[in-house]
Amino acid sequence: MMEQAFWLILFLAVVGIAALIAAAMMWQKESIQRSYQEEYSAPDFTESAGFAVTMYPSTDILIPGRFWLINRKTAEIEYNVIPAGDVRLRVAQTGQLDVPDTYLAYQYENVATVLIDGTEVTLSQNPGRNAMASWTRNEFDYLLLCEEPQMNLLGGVIQDFVTQTTASTVSGQRVTQE
């Protein structure tokens with residue numbers, strides 16, 4: 001009887017340890033796939049990511065809101081665009097930009113490259129659905145994301161974002177709103 005109790009306790013201990021290991025592995029897999037976001041009071045990420053968004057649009061129509069660092073490498077500025085809705089501007093050093101899966105999954109109906117102030121900008125749009133504009137300048141990638149844009153929102157504001165947004169790896173450079 002004592003021997004059977006010993007084997008039962010040993011069996012339950014082994015099963016419990018295996019369950020703990022499986023749970024730990026699942027948690028680790030989920031935490032790797034999750035995006036890490038940290039909110040900042042200004043778009044200066046020099047200590048965390050090695051760069052700052054040193055200039056960005058801020059007008060009566062383009063109102064910057066919250067500043068985020070995503071996965072310790074991509075800056076994001078949330079904008080309220082009056083009266084059309086919200087957009088998000090992402091900036092990262094070339095090759096480091098995080099593009100949301102919801103934007104990568106689309107087969108865009110309209111893809112065009114336009115020249116704005118000497119910079120090639122790729123516009124990817126689906127009528128009434130997600131749209132994005134991307135460009136590269138001075139060793140930084142830029143991405144403007146619009147969820148369900150209305151009234152050609154992307155085309156109406158893209159010039160301001162391309163011409164008024166800059167980023168820099170120089171520490172201590174003053175961050176300004178354009």
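Modeller: A residue is called exposed if its relative accessible area is over 50%, and buried if that value is under 20%. The model is a predicted one. With these cut-offs, E139 is exposed, because its relative accessible area is 66%. E139 is found in the loop between strand 9 and strand 10, and its phi is near 65 degrees, a positive value in a residue other than glycine. N138 has its place in the loop between strand 9 and strand 10 as well. The phi of N138 is near 50 degrees, which is again a positive value in a residue other than glycine. N138 is also exposed, since its relative accessible area is 63%.

Eight strands form an open sheet, with antiparallel pairing, and their order is 1-4-5-6-10-9-8-7. Strand 1 (37-40) and strand 7 (110-116) stand at the edges; each has a single partner strand, so one side of each is left without a neighbour in the sheet. From one strand to the next, the twist averages 25 degrees. Within the sheet, strand 6 and strand 10 are joined by seven bridges in the antiparallel sense.

Strand 3 has its own pairings. With strand 2 (residues 44-45), strand 3 pairs in the antiparallel sense over two bridges, and F45 has F51 as its bridge partner in strand 3. With strand 11 (residues 166-168), strand 3 pairs over three bridges, also in the antiparallel sense; here V53 has A167 as its bridge partner in strand 11. Strand 3 is mostly covered, with five of its six residues buried.

The nonpolar core comes next. The largest one has 31 residues, and F51, V91, W135, L144, I158 and F161 are those with the most contacts inside it. Several elements each supply at least two residues of this core, including strand 3 (51-56), strand 6 (85-93), strand 10 (140-146) and helix 4 (153-164). Beyond residues up to four places away in sequence, V91 touches F51, V53, K73, T74, A75, L97, F140, D141, Y142, T165 and A167. A second, separate core has seven residues, among them A92, Y103, Y108 and L145.

D98 has its place in the loop between strand 6 and helix 3 (101-104). D98 counts as buried because its relative accessibility is 17%, which is under the 20% limit. The side chains of D98 and N71 are joined by a polar contact of 3.0 Å. Leaving aside residues up to four places away in sequence, D98 touches I70, N71, K73, T74 and R90.

Finally, the confidence of the prediction should be noted. The protein chain averages a pLDDT of 83, and 79% of the residues score at least 70. Over residues 29-33, however, the pLDDT is below 50, and this stretch has zero contacts in the model beyond near neighbours in sequence. Where pLDDT is low, the predicted coordinates should not be read in detail.

Notes
Residues are numbered from 1 along each chain as its sequence is written. This is a predicted model: local features need pLDDT of at least 70, side-chain atom pairs count only at pLDDT 80 or more; totals for chains, interfaces and linings use all residues. Side-chain values use heavy atoms; hydrogens and water are left out. A nonpolar core is a set of buried Ala, Val, Leu, Ile, Met, Phe, Trp, Tyr and Cys residues joined through side-chain atoms within 4.5 Å. Buried means under 20% relative accessible area, exposed over 50%, partly exposed in between (1.4 Å probe, protein chains only). Helices (H or I, at least four residues) and strands (E, at least two) are DSSP runs, numbered from the N terminus. Contact means heavy atoms within 4.5 Å. A polar contact is a pair of N or O atoms within 3.5 Å; within protein, one must be able to donate a hydrogen and the other to accept it, and residues adjacent in sequence count only if both atoms are side-chain atoms. Two strands pair if DSSP finds at least two bridges between them. Axes are lines fitted to C-alpha atoms, for helices over the stretch in contact, and angles run from 0 to 180 degrees between N-to-C directions. pLDDT is the predictor's confidence in each residue, from 0 to 100.
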